Amino acid sequence: MDDSRLWSFEQSLWTEGPDNYREKVDPEVVMVLPRPPFVLRGSEAIDAVADTPVWNEAELSERQVSRPQEGLIVIGYHVHAQRDGEAYEAHCTSTIRRLEHEVWRVVQHQQSPVLAKAVANG
């Protein structure tokens, strides 16, 4: 998967509905989300995110991509998402594996919300 397709794939998980999410997330996924019970696996993780309203916009920045082996991609990024006057910022990682030609699934996802902006000394 080239970088352009990779980032479109990841962004769609923020901005498209639960059908898209269920299609792109592996049944064996492990997630760490910023709300109880925090660490989720499998259908519990998929259901937790699929039941969340989608974001109208999601800007992915500070993008990093690693391809440690054929068919495995690890990404890290900062997301700024918005919907109906609500905003959310987090640093995230996802691990995506290829099942077959052009079929990819998220097997790991983690979100660390931005808690505070750095304060300059002075």
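This report describes the sheet, helices, ring pairs and backbone features of a predicted model.

Strands of a sheet pair through backbone hydrogen bonds, either parallel or antiparallel.

S3 and S4 run antiparallel, joined by 9 bridges. Within this pairing, Ser 66 stands opposite Val 74 in S4. The hairpin of S3 and S4 has 2 residues between the strands. Gly 71 in that hairpin takes a positive phi near 80 degrees.

S4 and S5 also pair in the antiparallel sense, over 12 bridges. The bridge partner of Leu 72 is Arg 97 in S5. This hairpin, too, has 2 residues between the strands. Here Asp 84 takes a positive phi near 40 degrees. Strand S5 (residues 86–100) then pairs with strand S6 (residues 103–113), antiparallel over 10 bridges. Glu 100 has Val 103 of S6 as its bridge partner.

## Helices on the sheet

Which residues of H3 are buried? They are Gly 42, Ala 45, Ile 46 and Ala 50. These residues cover an arc of only 120 degrees around the axis, which puts them on the same side of H3. Their cover includes helix H2 (18–24), S1 and S2.

Ala 48 is another residue of helix H3. Its relative accessible area is 25%, so Ala 48 is partly exposed. Leaving aside residues up to four places away in sequence, Ala 48 touches Leu 33, Arg 35 and Leu 40. Ala 48 and Leu 72 are 24 residues apart in sequence, and their C-alpha atoms are 24 Å apart in space.

## Aromatic pairs

The structure holds 3 aromatic pairs. In one of them, the rings of Trp 7 and Tyr 77 have their centres 5.8 Å apart. The planes stand at 85 degrees, so the pair is edge-to-face. It links distant parts of the chain, with Trp 7 in helix H1 and Tyr 77 in strand S4, 70 residues apart. Trp 7 and Tyr 77 are both buried.

Trp 14 and Tyr 88 form another pair, with ring centres 6.2 Å apart. The planes lie at 35 degrees, so this pair is tilted. Trp 14 belongs to helix H1 and Tyr 88 to strand S5, 74 residues apart. Both Trp 14 and Tyr 88 are buried. Ring pairs link Trp 14, Trp 55 and Tyr 88 into a cluster. Trp 55 also has a charge over its ring: the charged end of Arg 83 sits 3.6 Å from the ring centre.

Most residues other than glycine have a negative phi, and most peptide bonds are trans. The loop between S1 and S2 holds Pro 37 and Phe 38. The peptide bond from Pro 36 to Pro 37 is cis, with omega near 10 degrees. Phe 38 has a positive phi, near 70 degrees. With 42% relative accessibility, Phe 38 counts as partly exposed.

Glu 62 has a positive phi as well, near 50 degrees. Where does Glu 62 lie? It lies in strand S3. Its relative accessibility is 54%, so Glu 62 counts as exposed.

Methods
Residues are numbered from 1 along each chain as its sequence is written. This is a predicted model: local features need pLDDT of at least 70, side-chain atom pairs count only at pLDDT 80 or more; totals for chains, interfaces and linings use all residues. Side-chain values use heavy atoms; hydrogens and water are left out. Two strands pair if DSSP finds at least two bridges between them. Helices (H or I, at least four residues) and strands (E, at least two) are DSSP runs, numbered from the N terminus. Rings of Phe, Tyr and Trp (its six-membered ring) pair if their centres lie within 6.5 Å; planes under 30 degrees apart count as stacked, over 60 as edge-to-face and the rest as tilted. Buried means under 20% relative accessible area, exposed over 50%, partly exposed in between (1.4 Å probe, protein chains only). A charge sits over a ring if NZ of Lys or CZ of Arg is within 6 Å of the ring centre and within 35 degrees of the ring normal. The arc is that of the directions from the helix axis to the C-beta atoms. Contact means heavy atoms within 4.5 Å.
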